[in-house]
Amino acid sequence: MKNKLILWTLAGALALTGCDRNLTIVNPNQVTTESFWKTDADALVGVNAVYSTTHRGGISRWMPFYYIIRSDEGRSQSPATDIVNNMDQFLIIDYNYGNAYAVWNDNYIGVNRANQVIDNVPAIPMDANLKQRYLGEAKFLRAMYYYHLVTLFGNVPLVLKTPVVGDKPGSATIAQVWAQIETDLTEAAAALPTTYPAADLGRATKGAAYALLARAYLQQKKYTEALTPLQWLADGDGKSIYALVPNYRDNFLISTENNKESVFEWQFQINPAENTDDDSQTPNQNYGTSLAQFFGPSGIGWSDGEAQRWPTREFNERTTTGARDPRLEASFLFDSTDVRGPAFTQIYGQTFLQRYGADNKRVWFRKFQNDHWKNEEGYRSPNNWRYIRYADVLLMYAEALNATGKTTQAYAYVDQVRQRAGLAKLSVAKPGLTQAQFLDQLKHERVTELSGEGWRWNDLARWGDLGPQLANRDPAFSTFVRGKSELLPIPQLDRDLNPNLVQNPNY
């Protein structure tokens with residue numbers, strides 16, 4: 001059952017610059033900070049507002065473009081050239097490009113809302129355990145939003161208190177941002193429960209905090225540190241909480257959300273009355289995600305983002321029964337989603353042959369689309385975004401073990417992922433791999449298991465694989481500039497208002 005968190009917001013935006021305004025008109029009907037933060041009900045509403053930030057368009061629509069389409073597994077043939085230039089081909093000339101600014105702004109809105117909880121909830125008289133849980137949720141979410149900011153923008157302002165007019169925070173170093181993420185997630189893991197009752201399904205858990213902490217360590221190549229949270233998840237208490245679901249595609253259907261494989265997912269639902277992505281405009285906000293519309297196949301959605309062809313060729317191993325890897329059909333819509341070809345492949349109620357003909361070679365990401373229950377897309381997709389899956393945790397654990405010289409032990413965790421897909425154990429198919437060979441194999445395993453889920457860009461960054469050499473499978477990388485294109489530019493609008501912000505290298 002989909003969790004229906006109360007969605008209510010306290011503030012529209014984070015004022016990084018603290019610019020002065022000449023006229024202030026007080027709305028007598030507006031809830032103020034002074035009149036709020038008095039009861040445990042206020043605390044709950046405040047925490048829910050931090051979750052609600054994931055519904056905003058900068059996060060739920062545009063951020064996946066930067067993690068998926070900008071990577072070598074995605075591309076854009078959109079008629080909107082700004083999407084192609086900024087989100088695919090590294091041709092960024094407008095440092096105030098609206099969709100990038102939305103990503104920056106909405107993640108900082110999430111940070112600001114989390115800060116308000118962390119600043120104000122401690123003084124509220126309420127149950128001590130519940131108070132600690134709320135603070136743990138806020139710290140987890142603040143860390144999540146900063147994870148996005150540091151991996152996309154690099155040296156970002158580290159704002160840890162509710163801002164006031166006149167604040168002009170300087171750029172923190174990447175190391176400082178990572179350190180705060182580690183602190184927040186460590187404290188969150190200590191405060192959060194392992195599970196919730198059904199009414200609170202979808203909230204951050206101890207396992208979610210450990211998984212994101214492990215990812216933060218891994219992204220910094222702190223492999224030894226990553227082992228501890230990953231061990232809790234894969235071999236410790238988390239092993240009794242999480243498991244791979246038998247049917248891989250159940251991870252992407254609206255009927256099987258929040259299953260045992262879900263470590264953390266963003267909750268979406270349909271609001272028929274919506275007319276805005278601004279979640280401060282209740283009750284008219286969109287509780288769903290419009291990404292399915294923007295990633296939808298031509299003739300169904302806008303097709304602004306789609307997949308490269310090469311990932312479909314990574315599914316080159318047969319199962320132990322001689323069948324095709326079932327993850328290919330679950331991951332992509334293309335001429336052979338059905339192994340029998342275009343005349344049998346269904347694209348939202350029509351065959352691929354009917355829609356596109358036999359020679360069309362375009363490929364679209366299928367995960368998080370809605371073709372399993374309707375024949376069109378729209379701006380109100382209720383399909384939850386599975387932010388961290390247990391399969392990803394197992395592959396991260398294998399990577400950390402391998403990196404710390406424990407390649408033999410790492411096999412077991414890749415084996416679990418492969419066996420769910422019906423493939424032979426890696427320990428049987430390719431025993432005795434060296435550390436370097438095992439990492440190369442892991443790169444393949446992460447493509448087949450996680451394509452289109454938003455982790456490819458950071459995987460490439462962590463492995464040191466970002467560069468013009470990727471142009472052989474993604475022509476957009478021919479314009480990639482080392483030392484520049486790894487990060488997005490800090491928005492010039494904010495730099496104009498705040499001279500303490502430093503632009504990223506070579507912009």
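Buried here means under 20% relative accessible area, exposed means over 50%, and partly exposed is anything in between (1.4 Å probe, protein chains only). By that rule Glu261, at 0% relative accessibility, counts as buried. This is a predicted model, so to speak of local features a pLDDT of at least 70 is needed, side-chain atom pairs count only at pLDDT 80 or more, and totals for chains, interfaces and linings use all residues. Residues are numbered from 1 along each chain as its sequence is written, and side-chain values use heavy atoms, with hydrogens and water left out. Helices (H or I, at least four residues) and strands (E, at least two) are DSSP runs, numbered from the N terminus.

**Glu261 and its loop**

- Glu261 sits in the loop between H8 and S2.
- Which residues does Glu261 touch, leaving aside those up to four places away in sequence? Counting heavy atoms within 4.5 Å as contact, the list is Ala243, Leu244, Val245, Asn251, Ile388, Arg389, Tyr390, Ala391, Arg420 and Glu449.
- Asn247 is also placed in the loop between H8 and S2, but Asn247 is partly exposed, with a relative accessible area of 41%.
- Asn247 and Asp237 are ten residues apart in sequence, yet their C-alpha atoms lie 24 Å apart in space.

**Strands S2 and S8**

- Strand S2 covers residues 262–266 and runs antiparallel to S8, with four bridges joining them; two strands pair if DSSP finds at least two bridges between them.
- Ser262 stands opposite Arg389 of S8.
- S2 is largely enclosed by the rest of the structure, because five of its five residues are buried.
- S8 is mostly covered as well, with five of its five residues buried.

**Helix H13**

- H13 takes in residues 407–420, which makes 14 residues, and reaches 21 Å from its first C-alpha to its last. That is close to the 20 Å expected at 1.5 Å a residue, where the expected span is 1.5 Å times one less than the number of residues.
- Where is the kink in H13 centred? The kink, about 25°, is centred on Val414; the bend at a residue is the angle between axes fitted to the seven residues ending there and the seven starting there.
- Val414 is one of the buried residues of H13, and others include Tyr411, Asp415, Arg418 and Arg420.
- The buried residues of H13 pack against several elements, among them helix H12 (390–403), helix H15 (435–450) and strand S8 (385–389).
- Gly422 follows H13 and has a positive phi, near 90°.

**Helix H1**

- H1 spans residues 40–52, and its end C-alpha atoms are 18 Å apart, in agreement with the 18 Å that its 13 residues should span at 1.5 Å a residue.
- Ten of the 13 residues of H1 are buried, which leaves the helix mostly covered. Among them are Asp42, Asn48, Tyr51 and Ser52.
- The cover over the buried residues of H1 includes helix H4 (98–120), H5 and S2.

**Nonpolar cores**

- A nonpolar core is a set of buried Ala, Val, Leu, Ile, Met, Phe, Trp, Tyr and Cys residues joined through side-chain atoms within 4.5 Å.
- Which members of the largest core touch the most other members? Of its 128 residues, they are Phe140, Ile181, Phe264 and Tyr387.
- Helix H5 (residues 128–153) gives the most to this core, with 14 residues.
- Phe140 touches Leu185, Leu192, Leu212 and Phe264, among others, not counting residues up to four places away in sequence.
- A second, separate core of seven residues includes Ile300, Leu333, Phe352 and Tyr356.

**Asp459 and its arginines**

- Asp459 is in helix H16 (residues 456–463) and is buried, at a relative accessible area of 4%.
- The side chain of Asp459 makes a polar contact of 2.7 Å with the side chain of Arg446, and another of 2.9 Å with that of Arg462. A polar contact is a pair of N or O atoms within 3.5 Å; within protein, one must be able to donate a hydrogen and the other to accept it, and residues adjacent in sequence count only if both atoms are side-chain atoms.

- Most residues other than glycine have a negative phi.
- Trp37 has a positive phi, near 55°; Trp37 lies in the segment before H1 and counts as buried at 8% relative accessibility.
- Tyr348 has a positive phi of about 50° and is found in the loop between strand S5 (346–347) and strand S6 (350–351). Tyr348 is buried, with a relative accessible area of 3%.
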